[in-house]
Amino acid sequence: MIWSDWLVYLCLATGVYFSVRTRFLQVRHVKGMIEQLFRGEKSASGVSSFQALAMSLSGRVGTGNIAGVATAIAFGGPGALFWMWAVAFLGASTSFIESTLGQIYKTRDPLSGEYRGGPAYYFSRALSHTKGAGFFKVYGYVFAAVTVLACGVLMPGVQANSMATAIAGAWTIDPWIVSVGSVIVLAFVIIGGVKRIASVASFVVPFMAVGYIILALIVVVINASQLPEIISLVFRSAFGMDSALGAIIGLAVMWGVKRGVYSNEAGQGTGPHAAAAAEVSHPAKQGLVQAFAVYIDTLFVCSATGFLILSTGAYRVFSGGTEDGEVLAEGGLLSATAVVGPQYVQTGFDSVFPGVGAAFIAVTLFFFCLTTIIAYYYMAETNLRFLVGKSSSKVIPGIRASVGRVTTMALQVGILIAVAYGCVNTAANAWVMGDIGVGLMAWLNIIGILILQKPAFKALKDFERQQKLGLDPVFDPRPLGITGATFWESYKPAEREKESARI
């Protein structure tokens, strides 16, 4: 019900709408996106633009880039890859809007002094001066509660399960052992707070993504003779023009969009959390960075996986969206017992690097999934702080600990239990839970940003105006008529530069 055709249409329509309204900024500002990656220094309160990108990518780049792509091709056909590209291209504009809003309405955590922001914050602040203030305050709390549930309980299980399955397949290690090891590593990182999360992400994410893309491209280049037919097959399948796959064009769209959104998270409401943590002088700067993150996730990483699977023939397409359905097409490389998921990619690698595929994908998935779970924790913690509000600094009588500290520890225990359970759970159950979490967040966030879009467009227009004057854009919400952006009303860039220089 949550992932009905209506949500698929909403994701695509929203991307088209924001692309037109922003005059396709995902094309016009590609150069600016890359430039902004390396601008903006970290401070005592915020992380650098690159660290914010890495934090965002740690959430986006995960099992969806490997198992998710394989699943989309298995149940939607090769054409699902095209619809993943489409939702990424259109979703880049959606990501810009939501991430810019995240920066505009960010605030300081009363407990740690670090920047916090996200959909719950902009829902409750953007229209606080209107008659709808009460409704949107409640809407913000609902989103925060859903995000704590989704990122703290439902979604980590998908990553943990894929990680445990791949490791078990490569080295026959029992899932419970993977469970224990993952919990220990995860606990070390998340207890260290936002700065440790950012440090780990900025080191691990670029390394793992680039390494995976390079090796996947080597496999594709070796099978380069297959590329013309593969590209043709992708487009024929995407538009129902392939004789064997024409009957599942609807599934191609649904699975491409479904797995595309799960992977790149555009519109889901996750990107604004990382965007809000950045130390920048203008919200649009992080909007551009997070728009580019969608490109990196889908156009680079997912495409590498898709072409690897298709060029090596390590795929099998089923009807009805289930492995029990009729086999409509296959590449001929998979064994009869091959299971939909990471095994497709492992088999593809093994065709070029015999005996290495299983181990390589296991290691890759371990890093992909671990950093994604870390990102989920950060988002869950941010929304938990929103729910607790000013009470986070209050000390609970008898235990000499603040409300914020106690609730944070409860969340940490909760996500560690979710990861441990996910490792030993079945893949089908894990994906169902993950899809519920992604779907709930996407419904709430997309509807919300369609209503609250105006401040983001004002910020974009202001950013482009200052750029045309040859200035390094600095944001002031007051002359733009943006209310509720209390952080920026007292923002002083000169003081931020001095603070950044000391860090």
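How much space lies in the largest cavity? About 80 Å³ of space lies there.

## Basis

This is a predicted model, in which local features need pLDDT of at least 70 and side-chain atom pairs count only at pLDDT 80 or more, while totals for chains, interfaces and linings use all residues. Residues are numbered from 1 along each chain as its sequence is written, and side-chain values use heavy atoms, with hydrogens and water left out.

## Cavities

The structure holds two cavities of 30 Å³ or more. A cavity is a set of points, on a 1 Å grid over the protein atoms alone, where a 1.4 Å probe fits but cannot get out; lining residues have an atom within 4 Å of a point. Grid points are joined across faces, edges and corners, and a volume is the space filled by probe spheres set on the points.

M55, S56, G59, E265, T270, G271, A274, A375, Y378 and M379 line the largest cavity. Two or more of its lining residues come from each of α4 (49-60), α14 (271-276) and α17 (357-388); helices are DSSP runs (H or I, at least four residues) and strands likewise (E, at least two), numbered from the N terminus. The lining has five nonpolar, four polar and one charged residues. Here Ala, Val, Leu, Ile, Met, Phe, Trp, Tyr, Cys and Pro count as nonpolar, Asp, Glu, Lys and Arg as charged, and the others, Gly among them, as polar.

The second largest cavity has a volume of about 60 Å³. Its lining consists of C11, V87, G91, T94, V261, A266, G267 and I446. Helix α6 (residues 79-104) gives the largest share, three residues.

## Pockets

A pocket is an open set of grid points with protein on both sides within 12 Å along at least five of seven lines. The largest pocket has a volume of about 570 Å³. Of the 28 residues that line this pocket, T71, V340, A427, A428 and W431 lie nearest its centre. At least two lining residues come from each of α5 (67-76), α9 (156-171), α13 (249-264), α16 (342-350) and α19 (427-451).

The second largest pocket holds about 470 Å³ and is lined by 19 residues, with Y121, R125, F386, G389 and K390 nearest its centre. Its lining divides into seven nonpolar, five polar and seven charged residues.

## Helix packing

Helix α1 (residues 5-21) packs on α6 at an angle of about 65 degrees, with the axes 8 Å apart. Axes are lines fitted to C-alpha atoms, for helices over the stretch in contact, and angles run from 0 to 180 degrees between N-to-C directions. The angle therefore makes α1 roughly perpendicular to α6 (65 to 115 degrees). In α1, L12, T14, G15, V16, F18 and S19 meet V87, L90, S93, T94 and I97 of α6, where contact means heavy atoms within 4.5 Å. The contact residues are six nonpolar, five polar and no charged.

α9 and α19 pack at about 150 degrees, with axes 7 Å apart. That makes α9 roughly antiparallel to α19 (over 145 degrees). G157, V158 and N161 of α9 make the contact with A427, A430, W431 and G434 of α19. Four nonpolar, three polar and no charged residues take part in the contact of α9 with α19.

Conventions
Angles under 35 degrees count as roughly parallel, over 145 as roughly antiparallel, 65 to 115 as roughly perpendicular and the rest as oblique.
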